[in-house]
Amino acid sequence: AQPVVDLSDNVLTARLPSGDSVTVYLYGATVTSWKTSNGTEQLFLSSAAALDGSKPIRGGIPLVFPVFGPPPKSHATGQLPQHGFARNNYWEFLGKSSSESLGRKADDSVKLDFGLSSSMLDESVRKKWPYEFGLVYSVTLGKGKLECQMHVQNKGEQSFEFQCLFHTYLAVKDIHKTAVRGLQSSPYVDKVRSAQTFTEDSSSLSFTGETDRVYTPPTDPKDNTLVPLTVTEDGKDTFVVTRDALPDVTVWNGWEDKIKGMGDFEPKDGWKRYLCIEPGCVSSWTKLEAGDAWEGACSFESKL
Ligand code: BG6
């Protein structure tokens, strides 16, 4: 058996013979569902998420590019909306690659490529950020695993600076029983505490209130690689998150009050059932010279 890939009404679905599946809306190239073979949904999606292209999709994996958060007014991204334009534009489906071409067993995985380039943006957006670029976003569905990779190319004649992030809403059963390992001794900027910088002292970060932090964990001193993070529930491992060329991780849960104020977040007690773990490069700017390219990637492995 081969993976089955279907694209209809701007929604792409892919299913492996093992039963693992993924759904990607071309609007924002947003992954809205990732199920493992036993049918368990691994991502949180708001039941009030706009799925008609009228605003970014609340939940799943929205893409953040070329700026994270509110753009600094004095920066070239200054006129763009929060989190940039990748999550609220239609991408094109570039095609699928079989696992054989990726050096894996035939039915083990499928890679789905999506593209967004400057020529696909509205004139009004291009005026706000007038750079020539090409993005290729690859989503690889494997058994119990989802990999996300972004390729950014500067196709113009002037350099530009960008930030990029995978705004992943992981589904958890109960945020009060959820924790994250792998952040100990990491510096972080705490947006809930006036964007001051602190150092994480906990080996297992748990949640008791609104959390909105950008961590920049130190690399493994042995080989300089980025250390995987592990999400646990009730002390059991549920997700392992790995990163490649993405030095930062945002950890976000809006908690009860903030979520109450978000019109597209339903059900209102849904804050208990998600944790955003967002690998990215957002604590500084990545500069891309004319003609150059950059690549960053992360993976989510379900341990459930
Ligand atoms: C997180 C930010 O990544 O995204 C939060 O750190 C923000 O500050 C959250 O509230 C959601 O952003 P938005 O634009 O999707 O409502």
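This report walks through a core, a strand, a loop residue and a ligand site in one predicted model.

Since the model is predicted, local features need pLDDT of at least 70 and side-chain atom pairs count only at pLDDT 80 or more, while totals for chains, interfaces and linings use all residues. Residues are numbered from 1 along each chain as its sequence is written, and side-chain values use heavy atoms, with hydrogens and water left out.

**The core**

Let's start inside. A nonpolar core is a set of buried Ala, Val, Leu, Ile, Met, Phe, Trp, Tyr and Cys residues joined through side-chain atoms within 4.5 Å. Buried means under 20% relative accessible area, exposed means over 50%, and partly exposed is in between (1.4 Å probe, protein chains only). The largest nonpolar core has 72 residues, and the members touching the most others are F65, W91, F114, Y137, M150 and I277. Strand 20 (residues 274-288) gives this core its largest share, 6 residues. Strands (E, at least two residues) and helices (H or I, at least four) are DSSP runs, numbered from the N terminus.

Who does M150 touch? Beyond its neighbours within four places in sequence, M150 is in contact (heavy atoms within 4.5 Å) with residues including L63, W91, Y137, F166 and W294.

**Strand 21 and its partners**

Strand 21 (residues 293-302) is largely enclosed by the rest of the structure, because 7 of its 10 residues are buried. Two strands pair if DSSP finds at least two bridges between them. Strand 9 (residues 145-154) pairs with strand 21 in the antiparallel sense over 9 bridges, and H151 sits opposite E295 there. Strand 18 (residues 236-244) also pairs with strand 21 in the antiparallel sense, over 6 bridges, with R243 opposite C298.

**A loop residue**

Now for E266, found in the loop between helix 2 (255-260) and strand 20. E266 counts as partly exposed because its relative accessibility is 29%. Leaving out residues up to four places away in sequence, E266 touches F44, S46, S47 and A48.

**The ligand site**

The table gives polar contacts, meaning pairs of N or O atoms within 3.5 Å.

| Side chain | Distance to a ligand oxygen atom |
|---|---|
| Q82 | 2.8 Å |
| H83 | 3.3 Å |
| H167 | 2.7 Å |

Taken alone, the ligand exposes 390 Å², and the protein buries 85% of that. Such areas come from the Shrake-Rupley method with a 1.4 Å probe.

Conventions: A polar contact is a pair of N or O atoms within 3.5 Å; within protein, one must be able to donate a hydrogen and the other to accept it, and residues adjacent in sequence count only if both atoms are side-chain atoms.
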